Amino acid sequence: MERLLQSVKISINENIYVKDPESSNLGKRIVEESILMIHDMGFESFTFKKLGMQIGSNESSIYRYFENKHKLLLYLTSWYWGWLEYQLVFSTNSIAAPSKKLGKAIEIVTKTTQKDSAFSHINEVVLNKIVINEYSKSYLTKEVDQENKEGYFTIYKRLVDRISEMIREVDEDYPYPSSLSSTILEGSLHQHFLKDHFTSLTDCRKANDPSQYFTHLVFNLLREK
């Protein structure tokens, strides 16, 4: 899978950025360092001025790639969901049995993230932490409906659709496949957050516990053919 991913470019809605950061070394540096800085200081404290100082470039050069830090966060989270989607597709493509395919999909989207050497300028482990802690800030805005119409959340919605289709393949009579699919994705972020910060509020306290929990939850809800 690593060799396949090395030849893959994760496509992000071009309306999110001014200039594709993958098109230049500076753009890649902006993405690379912004991930580390947002993880270190939090999204609220992060600014383009601080990022410019970190990468040794003018603040104005960052605006040539992203209109504002909200758009940068949308880019980072979209990239993460796209990366996760590719992992899911490659890992489940050869699995014929619906239940095993769904089980593998749940594992992929809920497990503790490992570093992927296929994308050297992006630290997926740190980016996963940003998604866990900051993803809701990308859509809990007054502009969410307009941004949704413009396709800013297409990758995330496509991932939900892929998993919901797998749910239907296991149990075509289950009435809430999309709700269950989005619950797996959002619930996994929440359980990882609780595991890291509020351990008394979750039974998922070890690295792979969220995967085991959601596997147990899903297959106790569905009736296999």
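This is a predicted model: local features need pLDDT of at least 70, side-chain atom pairs count only at pLDDT 80 or more; totals for chains, interfaces and linings use all residues.

User: How is the lining of the second largest pocket divided into nonpolar, polar and charged residues?

Analyst: The division is 6 nonpolar, 3 polar and 2 charged.

User: Which space is counted as a cavity rather than a pocket, and what lines it?

Analyst: A space is called a cavity if a 1.4 Å probe fits inside but cannot get out, whereas a pocket is open. By this rule the model has 1 cavity of 30 Å³ or more, and about 40 Å³ of space lies in the largest cavity. Its lining is made of Leu74, Thr77, Ser78, Trp81, Tyr135, Tyr152, Phe153, Ile155 and Tyr156. The helices α5 and α9 are the elements that give two or more residues to this lining, with α5 giving the most, namely 4 residues. By residue class, the lining of the largest cavity divides into 7 nonpolar, 2 polar and no charged.

User: How do you know whether Trp79 and Trp83 are buried or exposed?

Analyst: The cut-off for buried is under 20% relative accessible area. Trp79 is at 2% relative accessibility, so Trp79 counts as buried, and Trp83, with a relative accessible area of 2%, is therefore buried as well.

User: Why is the pair of Tyr135 and Tyr156 called tilted?

Analyst: The centres of these two rings are 5.5 Å apart, with 45° between the planes. Since stacked requires under 30 degrees and edge-to-face requires over 60, the rest count as tilted, and so an angle of 45° makes this pair tilted. The pair links distant parts of the chain, with Tyr135 in the loop between α7 and α8 (144–149) and Tyr156 in helix α9, 21 residues apart. Both Tyr135 and Tyr156 are buried. These two tyrosines also belong to one aromatic cluster, formed by Trp79, Tyr80, Trp81, Trp83, Tyr135, Tyr139 and Tyr156.

User: How many residues does the largest nonpolar core have, and which of them have the most contacts inside it?

Analyst: The largest nonpolar core has 60 residues, and those with the most contacts inside it are Tyr75, Trp79, Trp81 and Leu102. Among the elements that give two or more residues to this core are α2 (25–41), α5 (69–92) and α6 (98–110), and the largest share, 11 residues, comes from α5. In soluble globular proteins, nonpolar side chains tend to be buried together.

User: What makes Leu76 a buried residue, and what is Leu76 in contact with?

Analyst: Leu76 lies in helix α5, and its relative accessible area is 1%, which is under the 20% cut-off, so Leu76 is buried. Leaving aside neighbours within four places in sequence, Leu76 is in contact with Val31, Ser34, Ile35, Ile38 and Leu127.

User: How do you know whether Gln191 and Pro210 are buried or exposed?

Analyst: Gln191, in helix α10, has a relative accessible area of 13%, which is under 20%, so Gln191 is buried. Pro210, in helix α11, has a relative accessible area of 0% and is therefore buried too. Not counting residues up to four places away in sequence, Gln191 touches Thr202, Cys204, Pro210, Tyr213 and Phe214, while Pro210 touches Thr110, Gln191, His192, Lys195 and Cys204.

Notes
Residues are numbered from 1 along each chain as its sequence is written. Side-chain values use heavy atoms; hydrogens and water are left out. Ala, Val, Leu, Ile, Met, Phe, Trp, Tyr, Cys and Pro count as nonpolar, Asp, Glu, Lys and Arg as charged, and the others, Gly among them, as polar. A nonpolar core is a set of buried Ala, Val, Leu, Ile, Met, Phe, Trp, Tyr and Cys residues joined through side-chain atoms within 4.5 Å. Buried means under 20% relative accessible area, exposed over 50%, partly exposed in between (1.4 Å probe, protein chains only). Rings of Phe, Tyr and Trp (its six-membered ring) pair if their centres lie within 6.5 Å; planes under 30 degrees apart count as stacked, over 60 as edge-to-face and the rest as tilted. Contact means heavy atoms within 4.5 Å. On a 1 Å grid over the protein atoms alone, a cavity is a set of points where a 1.4 Å probe fits but cannot get out, and a pocket is an open set with protein on both sides within 12 Å along at least five of seven lines; lining residues have an atom within 4 Å of a point. Grid points are joined across faces, edges and corners, and a volume is the space filled by probe spheres set on the points.
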